[in-house]
Amino acid sequence: MTGLPAAEVEARIEAAMEDPALAALVRETIGHVADKWTLLILEALEDVPSLRFSEIGRRVEGISQKMLTKTLRQMECDGLLTRTVHPVIPPHVDYSLTDMGLELGAAFCGVWLWAATYHDRIRQARAAFQAREGDV
């Protein structure tokens, strides 16, 4: 994924975790980008140059306007997307992924592929767990 040998990636992670401030930032960033809504917004914006707020809301099924607003603001703050306000009446706002956002989307593509590969096994494991444990 990074193009670096696994040993070098591991060494970089280990070194980063020795710096408490950097470790806290990494944990915070992972918390933001691994969020369900962030991943779905990345997917919605992946193949288009830009989308308006309402179109993102339609593509991300189940997200409330409040959560969409919050997530887009956090993604903008983290540098994953840009927000362009066009000076017209009514206001027209477009959102598009930055290079970092596109790269993050590509990285999470592996998660989608993993889920597609193992969805039957996950369902079987859940059914077996449910049979063993009942309602948990």
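Let's start at Ser-96, which sits in strand E3, the stretch covering residues 92-97. Keep in mind as you look around that this is a predicted model. Is Ser-96 buried or exposed? Its relative accessible area is 16%, and buried means under 20%, so Ser-96 counts as buried. Leaving aside residues up to four places away in sequence, Ser-96 touches Pro-49, Ser-50, Leu-80, Leu-81 and Thr-82.

One of those partners, Leu-81, leads us on to the largest nonpolar core. In soluble globular proteins, nonpolar side chains tend to be buried together. Here the core has 21 residues, and those touching the most other members are Ile-41, Leu-42, Leu-45, Ile-56, Val-60, Leu-72 and Leu-81. Which elements give two or more residues to this core? They are helix H3 (36-45), helix H5 (65-77), strand E3 and helix H6 (99-133). H3 gives the most, with six residues.

Now find Leu-45, another member of that core. Not counting residues up to four places away in sequence, Leu-45 touches Leu-51, Ile-56, Leu-81, Tyr-95 and Leu-97.

Finally, follow helix H6. Gly-101, Leu-104, Gly-105 and Phe-108 are buried in this helix. What do the buried residues of H6 pack against? Their packing partners are helix H2 (20-33), H3 and E3, which brings us back to the strand that holds Ser-96. Further along, H6 bends by about 60° at Tyr-118. After the helix comes Gly-134, with a positive phi near 70°.

Definitions and conventions
Residues are numbered from 1 along each chain as its sequence is written. This is a predicted model: local features need pLDDT of at least 70, side-chain atom pairs count only at pLDDT 80 or more; totals for chains, interfaces and linings use all residues. Side-chain values use heavy atoms; hydrogens and water are left out. Helices (H or I, at least four residues) and strands (E, at least two) are DSSP runs, numbered from the N terminus. Buried means under 20% relative accessible area, exposed over 50%, partly exposed in between (1.4 Å probe, protein chains only). Contact means heavy atoms within 4.5 Å. A nonpolar core is a set of buried Ala, Val, Leu, Ile, Met, Phe, Trp, Tyr and Cys residues joined through side-chain atoms within 4.5 Å. The bend at a residue is the angle between axes fitted to the seven residues ending there and the seven starting there.
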